[in-house]
Structure formats: structure tokens, C-alpha cells
Amino acid sequence: MESEQLYHRGYCRNSYNSITSASSDEELLDGAGVIMDFHTTEDDNLLDGDAASPGSNYNMSNGGGAPSSSTHLLDFLEEPIPGVGTYDDFHTIDWVREKCKDRERHRKINSKKKESAWEFTKSLYDAWSGWLVVTLTGLASGALAGLIDIAADWMNDLKEGVCLSALWFNHEQCCWTSNETTFAERDKCPQWKSWAELILGQAEGPGSYIMNYFMYIYWALSFAFLAVCLVKVFAPYACGSGIPEIKTILSGFIIRGYLGKWTLMIKTITLVLAVASGLSLGKEGPLVHVACCCGNIFSYLFPKYSKNEAKKREVLSAASAAGVSVAFGAPIGGVLFSLEEVSYYFPLKTLWRSFFAALVAAFVLRSINPFGNSRLVLFYVEYHTPWYLFELIPFILLGVFGGLWGAFFIRANIAWCRRQRSLSSGKYPVLEVILVAAITAVVAFPNPYTRQNTSELIKELFTDCGPLETSQLCQYRSQMTGSDAGPGVYSAMWQLCLALIFKIIMTIFTFGLKVPSGLFIPSMAIGAIAGRIVGIAMEQLAYYHHDWFFFKEWCEVGADCITPGLYAMVGAAACLGGVTRMTVSLVVIVFELTGGLEYIVPLMAAVMTSKWVGDAFGREGIYEAHIRLNGYPFLDAKEEFTHTTLAREVMRPRRSDPPLAVLTQDDMTVEELQATINETSYNGFPVIVSKESQRLVGFALRRDITIAIENARRKQEGILPNSRVYFTQHAPTLPADSPRPLKLRSILDMSPFTVTDHTPMEIVVDIFRKLGLRQCLVTHNGRLLGIITKKDILRHMAQMANQDPESIMFN
């Protein structure tokens, strides 16, 4: 059964002697009258068996004990068997074996580099391949991000009208060269025509409003329909944010095609369509997925990464940093995001390469200049008013709001996604997306703050009011004693309150649709709206009650002491922190957005408060919640295991289970071995000396056994169903008329990780996290008792947390 699948840890054959020594279970054992030395030599082939091979010191006896040089075993010219050591889809990699393989590869390259100039050149290429692949990843990520930004802005404005002078210009670009615009109405120019002007010939009146309303809904539905159809037909993996799956992949899980070229192409196209449709989603999260697709594709150009899953994940960690770098224009924040949020294994050299990839990506995006403001993001702002100590109180209150919003959103969204899978509507993703897009467009159009692009909304909320601003939020009546809010500000406050409610509701139902959907921008928009409302309230409180003692100390009469845009920025960080539970990386990202060191303390206070409040309702963020919803085998390093169970209480088999499926080292036939494989669905089998002794020899992976047998039958004659299979160094004594035996010692993991049955599970969980194990065997006085897999641990942790243990679906 899939729920009981076992895992294979494996080891790099040629470096076994360099990484391990014989334990009590690996000494010279006497099995069936044959003395077997379990130590291997550097000359063992991947599927060895040459009776006269150097280093094996092997003689095979056919009953009478006479040596026979003609009855050599399998010898495949010392070439690895294709497929051995690889992984199936939806399985976990073996970090220990992959790192071992890389050390052996590096050792061979170093030993040959002095032989010739060509070998020296190859060693240089190998050493620089890591920097080359992250450079290519950064270049591609920056170029694609610029393309997505430009296309999304153009298509978003297409819902409202078109530029007649140049169809490829968006609204702002269309009016740049116009000489007929005024300062107050600089977004209106003759070159830009609304759909009502084009169709009805009039720009004002009820008819034009209805026509613009209809065209807005038409384009929104068209973009959403096209996006969901492309995802459904060509690349189902292109939906969603992608960050939960990337976190799982970086932890060692295999999802074939998730980072492939089709996913990259479709995600790039549909991300533009989804953002332009007006759905309550962002492009920042999916940009991390796009960057990781680039890293995965470029890694196949370099054998160092294409043939090693652990090394490939180092490239993906750097790619995720590049994705955040171009999403927010925050290279340092991208590196910290990769380190804090997504990466499972992050050595120091990956930190350097992540920084370089983020730098290259940001440089390319800056060269493209997609927003025309010489900035990497649309909502870059700078504040010039200092903050005061008393303002920490509203900042902390915004942090409380962010934590409450994050906890509410996670629970509501997970409940909706779980219910969605059980409802019939979940079987019709196209209809579901069209329905949500229609509701969003119908409700969003009347309110200018929900009609506009979410990034433009955040920009307007972040912006500090000045003489050049024409927004309703800046319509103040300037007085000698300060700025009194005018009717435009109060009207904007009501519209923002309605926009806040709308964004909260629609974001819950949008995240999880079968279109590319990020969560960063909607969460920041909700926090920015709440923060701007609080900021305006504080500003007016200081205006009308400037003689209060906490205002009198630092707010002079006639001075603008409060910056509402700063409150919007703090609220955005608090809400995003409440949803994702990010801390350090989030503060740095927002700091890089604003360019002001002065506001780090308010940001830190709000983000930490939001995390504490959110953790009071549940410690997992939205990405961890979706990982658990999908049943991915992810051991979160942040989650603590505090229970007092022992290994024997978690291991399989349990008392009610059938005995553990094992292989013996030298008394099974090919037919019996294949019967064991066919009758079970386990991914690996412990190998023991005999069923009587239960002494552990090693661990063999199901996939490797199957491939080795197929290759033996294809390349070597005489392998019959009754051929003896043995995992020892020397063949057992066989009758003279016996068919040729099959030696599978070289696919055997001779050093499987073992624990005793009295080992606390707290230690076992820590070992799985830090070593990246897939399974460990449980022994008692050297005798095999059972096995603990990563899936068993996750199920046990879910059971201890009063959750459904059957929710862990994959290996």
C-alpha cells in the first residue's frame, strides 16, 4: 500500500570507504557457510560481478569447488546502469547519497586536472558552472519579470480603453507626449480613448458609464477565461502561487514537470492574463516560481547539476532569491527570503550565489525599466518626516490587526479550499474562475480603489501627500494650524473601508483558483488600506487635539506631524507578515521598497507583533498550511516536536500489521525476488543475513532492483527465474547445473541509518530534518525490528496534533 511505502537511503558506491566504517552489523558474518567481507573496494562496479575483476579476489565454485573463469557474472564495461540511483515522481531524494555522489565526482575531477590541458579546462568549467548557471538564471528572471510587468500594465489598461496613436502604449505612456493635458487631469489626453468614446462617441453620461462598465467586465472575463483554459490544457502545474510546492521541492521532494519549460511558458503568459483580469491576486509569488523554472532549465546545461538532485536544489534556492529580487526590487530581501522562508539546505556558497543571482536579476530589470520611473517596483516611495515614539502604539495595533487578519485568512482559505475539493464546483475549474472573476469585476468597477490595479492602489496609499498629488486622499484644506481633511478625504475613507471589506472577502476565495495567483500584493493592499485609514485618523486627531499631552510634546502647531503613507506601509508589512509569518526578510524587503533606514523600528515592531498574534492562533503560515492540505511530505524545521514517544511506537510494522517485507542476502531466486516486489508496493527492502538471525546487512531500493534485473536479462545471457540472487561479496556454493547467479551487491546500501527501538522520537525527528533522511531502520541488539519513514513521522506528528494522519498522501 502507498501509505506504507518504504524509502531507500542509498550511498555512493565508490566513496563508501571514505564516508563510513564497519559497524557491529557490518563485520564479517558467517552466512550459509560462506565468509563474507562487507567492505567494498574502490574498483567495484555499479553492478559488478566479474569473477576475475581486480580487487574482488573472487572464485566461483560450481558444486565441486573447482574455479571456473568462464562463469563470470555481470560486467557492463564499468558503466553505470541508466536509471539506477534516480528517483520516481512524487518521491523524496536521498540527501546523503546525492552529496556523496557529488564528492566522488569532485574527487575524480581533481585527480585528473593535472593530466592534460583539456582536463584542467574541464575542472575550471566545473568550478565556474555554479556561477554561470545563477548568472543565466538571473538574466532570464529579470527579463521575464520586465516582460510580465509591461504586458500586465498594458492589458490592465486595455479594460478601460486604448491608445489610438500607439496601440502598445498603456494609459500613462499614451499621454506622456501629449501637449493637450493639464496638470490637474494629466491622465486625460486626446490620444487615449475609453471604450465608450470609441463605441458610442461620448465620454460622459449614463450611457458611457454603462458601456465602460460592460467592457470592463467583458475584458476581465476574457482574460480570466483564457488564463484558466491555458493552465488546464497545457500546464496544470502553472496554477497557484507555486511557493508551497517550491518549499517542498527544495526539501527534497520530486515533482516532475513542475519546473519544466511548458510550466514556465504557460505561467508567464497566464500570469499576465490573471493580473490583468482584476482578480484579487498578485504576480510577486508566481515570479518566484518563474525564476525557479529558469534555474531548473538552465541547470540541465551543466552535468554537475543535472545529474545531482541535491546540487540542483542549490540553484533553485538562488533562483528563488532572484524571483523575490525582481518581484519587489529587493535583492537583499530576496536572499533573506530564500534563507528564511523556502530553502531547506542553504550552505554558505549558496548564500553567495543567491546574492549574485538577485543582483543580476535586479540589474536586468532596472535596465528594462518597465514602470518608466527608474525604479524596480511601481510603488517605490520616500518619506521625509520622522516618526515619534508615541506612534509605536498605533504601529503595534496595526501589527495586531495583521496577525488577526493572517490567522483568519489562513483558516478561511484552507476551509474554502478543502470544501472546494468536495463540492461539484471543484471539478469545474473554468466555471469557478469565471464565476469569481465575474463577481470581482461587477463589484470592483464602481469603486475607483478596487477598479485600479492593486499595485497602483498600494502606490497611492503609500504616497505622501504633497503639492503635486491630485488624489482624493490628498484633498486637504491647509490651515495655519495644520491640514484639515476636506470632503474628498472623507469620501475616500468610506471608499477605502468598502475596498477593505471587498479585498478581504475576494482574496479568501481567489487564492487557490486554477490560475497563477500570488498572495503578497493582496495582503499588502489590505494592510495598506487599514494603515492609511489609521494614519488619516491619527493625523486628524493630532490636528483637532494638538494640545493633548502626547501630541504637545512633539507635534508643533501648524506642522504635519503624522505621515499617513507611513502607516500604510507598516500596515502592509504587518498583514503580509501575519499571512506568511515572515520576519527578517519581510522587514528588509519593505525597507528596500522605501529606501529609509529610519523606519526599520516601526516595521520590526509591527511585523513581530503580527507574528506573535498569528502564532497564538496557529504557528503555520499560509504556505505551510497549503503544504499540509496537499499532503506533501514536508518536515518543517520551525515546528517543534515535544512528545515523549519512542521509535518502537512509531515504526512499522505494528502489532496488527503483517511482518516486515525483507530480502535475504544469498538464498533468494530472481523469481522469488520479483514476487516480493510484485506483491508489495514498498519502495525499498531491508536485506538481512537470514530470516532466523534477522541480522541487518543493508537496504535495497525497489527501483534499483527492478532496473538491475531488467538490465541483466537484456545484456547478459543465462539469467533465469531460478537464478540465485545474492548481495554478498562472494557467490554462495551452488550445484554444477545451477543457472548463472545474479550479483546485486553494488546496488545495496551497506550503511543504512539505524536507531535502536528505545531512541526518543524527538531525536529521530531531528535526525530526519538535519540529514534529509527518507527512512531509518530500527534494531534491537543488532536484530532488525522495523522501519521508520518520513511519512511515518509526518503521520505521527499529525496524530499527536489531533489532525488526520491520512492527509499525508505522498512519499
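Me: Let's start with helix α7, residues 243-250: how many of its residues are buried?
Reply: A helix gives you a handy pattern to read: with 3.6 residues a turn, residues three or four places apart point the same way. In this predicted model, 8 of the 8 residues of α7 are buried, so the helix is largely enclosed by the rest of the structure.

Me: Is R581 buried or exposed?
Reply: The cut-off for buried is under 20% relative accessible area. R581 has 6% relative accessibility, so it counts as buried. N369 has a relative accessible area of 24%, so it is partly exposed.

Me: On to the sheet: in what order do the strands come?
Reply: As a general idea, strands of a sheet pair through backbone hydrogen bonds, either parallel or antiparallel. Here 4 strands make an open sheet, ordered β7-β9-β10-β13, with mixed pairing. β7 (663-664) and β13 (748-749) are at the edges with a single partner strand each, so one side of each has no neighbour in the sheet.

Me: How many bridges join β7 to β9?
Reply: There are 2 bridges, and the two strands run parallel. L663 has V687 in β9 as its bridge partner. Now find helix α27 (residues 702-715): it lies across β7, β9 and β10 (696-701), at about 75 degrees to β10.

Me: Where is P653, and what kind of peptide bond joins it to R652?
Reply: Omega is the angle to read. The bond between R652 and P653 is cis, with omega of about 0 degrees, and P653 is in the loop between α25 and β7.

Me: What does the side chain of T645 make a polar contact with?
Reply: Its partner is the side chain of H796, at 3.0 Å. T645 is found in the loop between α24 (622-630) and α25 (647-650), and it is buried, with a relative accessible area of 11%. Beyond its neighbours within four places in sequence, T645 is in contact with P760, M761 and H796.

Conventions. Residues are numbered from 1 along each chain as its sequence is written. This is a predicted model: local features need pLDDT of at least 70, side-chain atom pairs count only at pLDDT 80 or more; totals for chains, interfaces and linings use all residues. Side-chain values use heavy atoms; hydrogens and water are left out. Buried means under 20% relative accessible area, exposed over 50%, partly exposed in between (1.4 Å probe, protein chains only). A polar contact is a pair of N or O atoms within 3.5 Å; within protein, one must be able to donate a hydrogen and the other to accept it, and residues adjacent in sequence count only if both atoms are side-chain atoms. Contact means heavy atoms within 4.5 Å. Two strands pair if DSSP finds at least two bridges between them. Axes are lines fitted to C-alpha atoms, for helices over the stretch in contact, and angles run from 0 to 180 degrees between N-to-C directions.
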